[in-house]
Amino acid sequence: MTTKELSGIRSLDSSDDFSETRLEAVGFIFHGVMPTNGEKVAGSRSNSNLLHFARCNKLEKVTEGETKIWFRSVRVALKHLDEKMGKTPWRWCKLCEREITQRIIDET
């Protein structure tokens, strides 16, 4: 099943899609290198394979050559990324990680 067929997941193929999604500021955006056909992802640079809130300012630095995927919810994002990439080749943006951690603390 491709990402376009899944509910709550959308591939951002063009820069217009990416810009529009950022303006909406809803959901989460992953950028980086996705494995194809079950291959492993090689060690990543510090600025690749990151998950952000859609409104994160660091997304302005994303390059054109990277895969970009929008997720409606954090649960959908975590499940999809863990299934496709495993748990170690991707991580949260440091700014977004602080914000999501604070949200969890505030809810308890």
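Surface patches are made of residues with over 30% relative accessible area and no salt bridge, like charges being joined within 9 Å and nonpolar side chains (Val, Leu, Ile, Met, Phe, Trp, Tyr) within 5 Å. The model is predicted, so local features need pLDDT of at least 70 and side-chain atom pairs count only at pLDDT 80 or more, while totals for chains, interfaces and linings use all residues. Residues are numbered from 1 along each chain as its sequence is written, and side-chain values use heavy atoms, with hydrogens and water left out.

Lys 58, Lys 61, Arg 91, Lys 94 and Arg 98 form a positive surface patch. Within this group, Arg 91 belongs to strand S5 (residues 91–92); its relative accessibility of 34% makes Arg 91 partly exposed (buried means under 20%, exposed over 50%, partly exposed in between, with a 1.4 Å probe and protein chains only).

The structure holds one salt bridge, defined as a side-chain nitrogen of Lys or Arg within 4 Å of a carboxyl oxygen of Asp or Glu. It joins Arg 55 and Glu 99 at 2.3 Å, N to O. Arg 55 lies in the loop between strand S3 (50–53) and strand S4 (67–71), and Glu 99 in helix H3 (residues 94–107), 44 residues apart.

Aromatic rings pair if their centres lie within 6.5 Å; planes under 30 degrees apart count as stacked, over 60 as edge-to-face and the rest as tilted. Phe 28, Phe 53 and Trp 92 form one aromatic cluster. Phe 28 and Phe 53 are both buried. Phe 53 and Trp 92 make a tilted pair, 6.1 Å centre to centre with 40° between the planes. Trp 92, at 13% relative accessibility, is also buried.

How values were computed. Areas by Shrake-Rupley, 256 points an atom, 1.4 Å probe, with all protein chains shown as cover. Lys, Arg positive; Asp, Glu negative; His and termini not counted. Charge placed at Lys NZ, Arg CZ, Asp CG, Glu CD. Helix = DSSP H or I, 4+ residues; strand = E, 2+ residues; numbered from the N terminus. Phe/Tyr/Trp six-rings, centres within 6.5 Å; stacked < 30°, edge-to-face > 60°.
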